[in-house]
Amino acid sequence: MNFTLLSNGQYEGFAIVKRCDQKTTSKGSVYLDMKLSDKDGEIVAKLWDYQPLVHGEFELESLVKVRGEISKFAGSDQLKINKIRPVDSSDNVDIADFVQTADYSGDFMYDQIMDKVGAFEDEDLKKLVTYMYEQRKEELLSWPAAYRLHHAVRGGLLMHTLSIVKLCEGVCQVYPFVNKDLLITGAVLHDIAKTTEYEVGSTGIASGYTVEGNLIGHLVKGAMLVDEAARELDIPRDKAMLVEHMLISHHGEPEYGAAVRPMFLEAELLSELDLMDARVYQIAHAIENLDKDTFSQKLWALDERKIYNFSEKEKNIKVNLD
């Protein structure tokens with residue numbers, strides 16, 4: 001976090017409210033359990049003895065000015081808030097300057113993906129992916145890949161997608177019998193319906209789920225969108241069905257949201273590469289600010305595992321998508 005260290009030992013700065021939950025201690029005292037973020041990262045923050053009439057109320061994705069003390073908890077920084085308020089015009093700050101973003105611009109990643117699609121030998125798949133991406137270009141340029149988990153940053157959806165596409169290319173070099181065009185099609189479209197799943201404002205950060213996201217979800221909705229586009233473009237049904245299966249099975253197991261388990265090689269590969277990219281991102285960011293020989297907090301998405309940082313080297317976790 002890009003906070004300023006004051007002479008009294010406290011830190012002060014601006015941050016976006018990513019999480020704000022009102023909780024009660026075992027002694028009955030009310031507090032806010034918050035997660036604050038800026039371009040440089042995130043920090044868990046606690047506002048003890050919370051009183052709404054005194055401290056105010058804070059909306060998700062709003063920008064606040066905060067002051068407090070930073071200490072270590074379970075190996076990670078934690079902010080004890082002493083003062084917090086919404087920003088006002090006198091602060092002369094723009095919320096866009098504090099939003100976490102993907103490592104590359106949306107335009108760069110979009111063009112990279114479309115260049116790879118343009119090289120397809122399969123004209124049906126090329127036509128299908130191009131049509132679906134062009135329809136949603138504006139959203140794709142800034143959309144996050146998640147609400148709270150991996151790639152939950154502005155442009156995170158294309159970053160996650162392009163990362164998997166590059167992994168697909170590597171897999172196809174090792175296993176040349178894989179249907180490369182089909183595998184990359186699945187990678188490019190697997191999260192396409194996240195553009196309907198999340199409530200996303202101008203910051204490019206998800207603030208929650210839409211009604212459609214809650215009731216249908218991006219796996220099934222993605223297959224519906226493929227079916228609709230395939231019929232519009234007169235794509236052969238058997239080919240469209242393969243893509244739809246990849247989308248509804250890419251979470252691997254029903255307990256993780258898959259409608260069915262992967263039933264052919266390219267579907268299995270997509271599921272594994274999707275999981276790999278998500279976990280690499282989560283683990284790398286979990287230890288990004290940890291001291292050497294310390295553990296992260298338990299990560300819900302990794303089955304409550306704590307992640308160990310064995311290195312004292314400064315971490316550069318930018319991915320290589322060039």
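Two residues are in contact here when heavy atoms lie within 4.5 Å. The structure is a predicted model, in which local features need pLDDT of at least 70 and side-chain atom pairs count only at pLDDT 80 or more, whereas totals for chains, interfaces and linings use all residues. Residues are numbered from 1 along each chain as its sequence is written, and side-chain values use heavy atoms, with hydrogens and water left out.

Helices (H or I, at least four residues) and strands (E, at least two) are DSSP runs, numbered from the N terminus. Two strands are said to pair if DSSP finds at least two bridges between them.

The account begins with the strands. Strand 1 (residues 4–5) runs antiparallel to strand 2 (residues 11–24), and 2 bridges join them. Thr 4 stands opposite Glu 12 of strand 2. The hairpin that these strands form has 5 residues between the strands, and Gly 9 takes a positive phi near 90° there. Glu 12 also stands opposite Arg 67 in strand 5. Strand 5 (residues 63–73) pairs with strand 2 in the antiparallel sense, over 6 bridges.

Strand 2 is likewise joined to strand 3 (residues 30–38), by 8 bridges and in an antiparallel arrangement. Here Cys 20 has Met 34 of strand 3 as its bridge partner. The two strands form a hairpin with 5 residues between them, and in its turn Gly 28 has a positive phi of about 90°. A further hairpin, again with 5 residues between its strands, is made by strand 7 and strand 8, where Gly 204 in the turn has a positive phi of about 80°. Strand 7 (residues 198–200) and strand 8 (residues 206–209) run antiparallel and are joined by 3 bridges; Tyr 198 has Tyr 209 in strand 8 as its bridge partner.

Among the helices, helix 2 and helix 5 pack at an angle of about 35°, with their axes 10 Å apart. Axes are lines fitted to C-alpha atoms, for helices over the stretch in contact, and angles run from 0 to 180 degrees between N-to-C directions. Gly 106, Met 109, Tyr 110, Gln 112, Ile 113 and Lys 116 of helix 2 meet Leu 158, Met 159, Thr 161, Leu 162, Val 165 and Glu 169 of helix 5. An α-helix has 3.6 residues a turn, so residues three or four places apart point the same way.

Why is helix 6 largely enclosed by the rest of the structure? Of the 10 residues of helix 6 (residues 180–189), 9 are buried, and the helix is therefore largely enclosed. Buried means under 20% relative accessible area, exposed over 50%, and partly exposed in between (1.4 Å probe, protein chains only). The buried residues include Asp 181, Leu 182 and Leu 183. Their cover includes helix 2 (106–118), helix 5 (156–174) and helix 11 (265–286). Within helix 11 lies Ser 271, which is buried because its relative accessible area is 8%. Not counting residues up to four places away in sequence, Ser 271 touches Ser 249, His 250, His 251, Gly 252 and Pro 262.

The cysteines complete the picture. A disulfide is counted as a pair of cysteine sulfur atoms within 2.5 Å, and by this rule the count comes to 0 disulfides. The sulfur of Cys 172 has its closest cysteine sulfur in Cys 168, at 6.5 Å, which is too far for a bond. Cys 172 counts as buried because its relative accessibility is 11%, whereas Cys 20, at 23%, counts as partly exposed.
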